[in-house]
Amino acid sequence: MLDNDWIKATGSGPRNGVSLVFNVERQEYFQDSSSGYGVRMVVHEKGTLPLPQNEGLTLNTEYETNIGLRMMRINRLGGKYGSCTDGTDFRQTHSLNYTVPLCYSLCEVVFTETKCGCTPVSTPDVYDTNLSVCDVKNKTVRECQRDAKFKVLNGDVDCGCPTRCSKQVYTYSSSGRKWPHGPYLIDVLIDEVCRRNYTEYLYTDICYNYRNNTLTDGDVAYMSAMFVAVNVYFEDLNYELMEEEPLYGPVRFLSDIGGTMGLFTGASVLTYCEIFHVMLEIGIFCFKKRRPKAA
């Protein structure tokens, strides 16, 4: 998105969502730092930094994925009721909105730099460092990184990453199908690629064959493996709200005091009335007993 030009969902279902098509351009991949082709997608709260290497899901090439979202808002009390943070200190230190995964990720980066003397490849771009990137081909460096990561995950390093007091969580369900079929690939996707000057140079031979109607099965298979499609939508525009409440608060405390006082006051008045009634009966009885009988 650019500036404030946000897309707003006006309804639920795939027709009211966002449809995206990616050209992964496999020839541009760094073979040393990746083991396959595809796209990582993270659905995250607005204003937070996504970490595709730690969260999210993978979208496969030659596949269309449908992702239905549901939102849950969680509010915690914090303070004397539990440990949570609003992220103010973290924001002042890193100029980023606080999330637990980001906190642990930066903690791992700092610990790895201290222990191994280099910055991990997976370090977020927003993190400033003067150290060189760790050499993944060096066995000693890889083992050092692995040991640092294990210690952070095992809790041997005090990262100080409490949960947030207020956050939005997105749950999703996914489904998909094989995509695209031949006619759509040739008439739409390849046509679009060959129409654009900044992508045509990557597929000179294929675009030449396309314009001369001489595409081979190999050309079609090669181009089919370049594309990923995804549809993101809300399953329901309602959201679930989960809030913490104190089990015994001031209102309940005052209510219990009032109820107890009312019980004791009522019991006391009733007791006084019964005592007065008994004493009255005794007095009447004694008065009648002592009264002389008429001759």
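Predicted model: local features only at pLDDT ≥ 70, side-chain atom pairs only at ≥ 80, totals over all residues.
Start with strand 4, residues 63-75, and strand 6. Seven is the count to remember: 7 bridges join this pair, and the two strands run parallel.

Strand 1, residues 18-23, is joined to strand 6 by 6 bridges. Here the direction is antiparallel. To locate this pairing, take F22; the bridge partner in strand 6 is V228.

So is strand 6 buried or exposed? Of its 8 residues, 227-234, 7 are buried. The cut-off for buried is under 20% relative accessible area. Strand 6 is therefore largely enclosed by the rest of the structure.

Next, the helices. Helix 2 covers residues 100-116, and helix 3 covers residues 139-153. They pack at an angle of about 135°. Their axes are 9 Å apart. What do we call that arrangement? Angles over 145 degrees would count as roughly antiparallel. At about 135°, helix 2 and helix 3 are therefore oblique to each other. Their crossing is right-handed.

Which residues meet there? From helix 2 we have Y104, E108, F111, T112, K115 and C116. From helix 3 come C144, Q145, D147, A148, K149, K151 and V152. By class, this contact has 6 nonpolar, 2 polar and 5 charged residues.

To recap. Strand 6 pairs parallel with strand 4 and antiparallel with strand 1. Helix 2 and helix 3 pack with their axes 9 Å apart, in a right-handed crossing.

Key
Residues numbered from 1 in each chain as written. Heavy atoms only, no water. Axes fitted to C-alpha atoms, helices over the stretch in contact; angles between N-to-C directions. Helix = DSSP H or I, 4+ residues; strand = E, 2+ residues; numbered from the N terminus. Parallel < 35°, antiparallel > 145°, perpendicular 65-115°, else oblique. Left-handed = near helix turned anticlockwise from the far one by under 90°. Contact = heavy atoms within 4.5 Å. Nonpolar A, V, L, I, M, F, W, Y, C, P; charged D, E, K, R; others polar. Buried < 20%, exposed > 50% of the residue type's maximum accessible area, 1.4 Å probe, protein only. Pairing = 2+ DSSP bridges.
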